[in-house]
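Colleague: I am new to reading models. Can we go through some features step by step?

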Amino acid sequence: MKEILVTGGTGYIGSHTVVELHNAGYKPIIIDNLSNSNIRILDQIEKIIGYKPEFYEFDLCEEQKVIEFVNSHPNIQGIIHFAASKAVGESVQEPLKYYRNNFFSLINLLQAYQQKPIHFVFSSSCTVYGEPDILPVTEEAPVKKATSPYGNTKQIAEEILEEIATAKDNYQIIALRYFNPVGAHDSGLIGELPIGVPQNLLPFITQTAIGKREELTVFGGDYDTPDGTCIRDYIHVVDLAKAHVAAIQRMEEGKSAAKYEVYNVGTGNGYSVLEAIKAFEKYAGQSLNYKIGPRREGDIEKVWGDVNKSQKELNWKAKLGIDEMMSSAWKWENYLKENPIQ
Ligand code: WQD
């Protein structure tokens with residue numbers, strides 16, 4: 001069975017990708033320092049796939065540990081690298097934490113694999129486009145100056161990866177630019193597990209509906225959009241997880257057209273904050289307590305992706321719509337109510 005290393009594999013997108021790798025016949029091996037995830041997610045994964053995946057708890061910033069891991073796992077053929085700090089607001093307060101965590105880990109991994117052929121999938125973000133001039137935004141759109149250290153780590157990491165793939169024969173790399181991942185596994189056994197007050201829309205909606213939060217504030221009702229609220233391309237986390245498997249398969253099958261490739265991973269559809277709330281209300285069968293508040297600093301007005309390139313070249317397409325996103329997120333929140341994971 002082909003072994004794929006999943007860094008950050010107990011996290012939100014990582015855990016769903018572990019499940020999809022298993023479903024596609026791979027053996028996922030996880031490294032995670034549990035800085036933003038919970039060890040119990042391994043038990044949850046076991047409930048879905050029937051066994052507990054191989055797991056190593058350490059920080060990828062520790063170079064020696066990375067080298068030891070690589071030496072003791074000679075059969076790993078691919079790496080899906082999720083492990084990174086990802087809170088936009090925190091990155092503005094603590095830039096060095098972001099540059100340190102996100103770059104040291106990336107460089108240690110790349111360095112440890114210098115002598116071996118390796119397929120590498122990187123978690124990037126549509127944040128690299130900033131406020132796009134043309135919608136839907138294609139992979140050819142210019143990368144705009146990052147508005148946060150977090151966004152800057154994604155931009156610089158993409159540059160590092162392109163340079164290293166060009167310079168060294170052994171690396172084959174795909175960067176996936178995610179739009180807004182939401183939802184949960186349809187089993188309701190894994191999903192997003194925000195620590196503290198959620199910064200993202202969907203967990204804030206579900207936590208408000210279940211009674212953990214009093215009220216959702218919609219950040220801005222005066223944008224230049226049909227209902228005045230921001231528009232995003234929400235993508236179901238299970239579809240997103242499958243895009244990683246498709247990226248690994250493309251490289252494995254030798255289909256890559258360049259040493260470094262970039263793909264948008266979204267649905268190609270935009271939904272406003274109010275549309276997302278309405279879709280949620282329909283599925284939860286209850287109305288949500290929300291108010292329109294001031295804009296959030298740094299928010300993009302509207303962004304959604306052109307997904308033609310990923311559909312054609314990755315042979316992947318998002319299949320799940322807004323209904324499945326909402327219903328699965330709600331199922332997960334209800335699961336957590338009965339079975340808290342702390
Ligand atoms: C979505 C929409 C908010 C919370 C961020 C990162 C990005 C990425 C995904 C990360 C916006 C509105 C939100 C709330 C609201 N990568 N909102 N009330 O900002 O598109 O992207 O997360 O890991 O890099 O920037 O996602 O979920 O925060 O917001 O009205 O309480 O919901 O204004 O329009 P965003 P989000």
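This is a predicted model: local features need pLDDT of at least 70, side-chain atom pairs count only at pLDDT 80 or more; totals for chains, interfaces and linings use all residues.

Modeller: Residues are numbered from 1 along each chain as its sequence is written, and side-chain values use heavy atoms, with hydrogens and water left out.

Colleague: What span should helix α5 have at 1.5 Å a residue?

Modeller: Helices (H or I, at least four residues) and strands (E, at least two) are DSSP runs, numbered from the N terminus. The expected span of a helix is 1.5 Å times one less than its number of residues. Helix α5 covers residues 95–112, so its 18 residues should span 26 Å. Its end C-alpha atoms are 26 Å apart, which agrees. Helix α1 (residues 12–23) has 12 residues and reaches 17 Å, close to the expected 16 Å. After α1 comes Gly25, with a positive phi near 95°.

Colleague: How many residues of α1 are buried?

Modeller: Buried means under 20% relative accessible area, exposed over 50%, and partly exposed in between (1.4 Å probe, protein chains only). In α1, 10 of the 12 residues are buried. Among them are Tyr12, His16 and Leu21. The buried residues of α5 include Tyr98, Phe103 and Ala112.

Colleague: Which residues come nearest to the ligand?

Modeller: A residue is near a molecule if one of its heavy atoms lies within 4 Å of it. There are 19 residues around the ligand, and Thr217, Phe219, Arg232, Arg296 and Asp299 come nearest. Strand β8 (residues 216–219) gives the largest share of this shell, four residues.

Colleague: Where are polar side-chain atoms placed against the ligand's oxygen atoms?

Modeller: A polar side-chain atom of Arg296 lies 2.8 Å from a ligand oxygen. For Arg232, an N or O atom in the side chain is 2.4 Å from a ligand oxygen. Taken alone, the ligand exposes 690 Å², and the protein buries 87% of that. Such areas come from the Shrake-Rupley method with a 1.4 Å probe; for residues, only the protein chains shown count as cover.

Colleague: Is Arg177 buried or exposed?

Modeller: Arg177 is buried, with a relative accessible area of 5%. This residue is found in strand β6 (residues 171–178). Contact means heavy atoms within 4.5 Å. Not counting residues up to four places away in sequence, Arg177 touches several residues, including Ser124, Glu139 and Val262.

How values were computed
A polar contact is a pair of N or O atoms within 3.5 Å; within protein, one must be able to donate a hydrogen and the other to accept it, and residues adjacent in sequence count only if both atoms are side-chain atoms.
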